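Subject: Structure handover

Hello,

Here is the structure we talked about. Please load it first, then read the notes below it.

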Amino acid sequence: MAILPIVEVPDPRLRLVSKPVETVDDSIRQLVAEMIETMYDAHGIGLAAIQVGVDKRILVIDLQEEEDEEGKPIRNPHAYINPEILSVSDELSTYNEGCLSIPEQYAEVKRPARCRVKWLDEKGEAHEAELDGLLATCMQHEIDHLNGVLFIDHVSRLKRDMLMRKLSKIRKGG
């Protein structure tokens, strides 16, 4: 399994609207497996295909909230192919979001607390579910990636500029 390079800001690919997957086949399943390994390697909980330079509507999520007897997170990854938000709640929740494409930067983002989503799994089977909590937040964050939107687009211009200056400073070794 290959660990894929993660695309970081300001790479213009992160602003692309990803294309739907036409057929869920072995090449898509291979990409999903590599995305999952890449997500774990980067210590993330979600990853969209565009973040590894592939403009397909695929994302993977594993919140890793449960732990085994030794306190290690239990891996339970899920792939979402052609995910689509059908509805969202009026109620909002705030979460301190980060992103593998914007390393070491975090900001409080308000999003709908719940969302109803449909998607295909790696077998091409259709699913639909009501999501809440961290899973709803993560799903909305990753679907944003598929639409060329980053979490920093949900904060004020001042906060966004500050985050980008901090990232630039980190990259320069400061």
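Gly 173 follows α3, and its phi is positive, near 90°.

Some ground rules. This is a predicted model, in which local features need pLDDT of at least 70 and side-chain atom pairs count only at pLDDT 80 or more, while totals for chains, interfaces and linings use all residues. Residues are numbered from 1 along each chain as its sequence is written, and side-chain values use heavy atoms, with hydrogens and water left out. Helices (H or I, at least four residues) and strands (E, at least two) are DSSP runs, numbered from the N terminus.

Pocket

The largest pocket has a volume of about 360 Å³. The search ran on a 1 Å grid over the protein atoms alone; a pocket is an open set of points where a 1.4 Å probe fits, with protein on both sides within 12 Å along at least five of seven lines. Lining residues have an atom within 4 Å of a point. Grid points are joined across faces, edges and corners, and the volume is the space filled by probe spheres set on the points.

There are 23 lining residues; Gly 44, Ile 45, Glu 97, Gly 98 and Cys 99 are the closest to the pocket centre. β4 (92-99), β5 (102-112) and α2 (133-146) each supply at least two residues of the lining. α2 gives the most, with six.

Helix α2

The end C-alpha atoms of α2 are 21 Å apart, which agrees with the 20 Å its 14 residues should span at 1.5 Å a residue. Eleven of the 14 residues of α2 are buried (under 20% relative accessible area, 1.4 Å probe, protein chains only; exposed is over 50%, partly exposed in between). Among the buried ones are Cys 138, His 141, Glu 142, Asp 144 and His 145. Gly 148 follows α2 with a positive phi, near 75°.

Cores

A nonpolar core is a set of buried Ala, Val, Leu, Ile, Met, Phe, Trp, Tyr and Cys residues joined through side-chain atoms within 4.5 Å. The largest core has 17 residues, and Ile 28, Val 32, Met 35, Ile 58 and Val 60 touch the most other members. α1 (26-41), β2 (58-61) and β3 (78-88) each supply at least two residues of this core. The largest share, seven residues, comes from α1. Another core, of 15 residues, lies apart from it and includes Ala 48, Ile 50, Trp 119 and Ile 143.

Cys 99 is buried at 9% relative accessible area, and Cys 115 is buried at 0%.

Lys 118

Lys 118 sits in strand β6 (residues 114-120). Lys 118 is partly exposed, at 35% relative accessibility. Its C-alpha is 6.6 Å from that of Ala 129, eleven residues apart along the chain.

Best wishes

Conventions
The expected span of a helix is 1.5 Å times one less than its number of residues.
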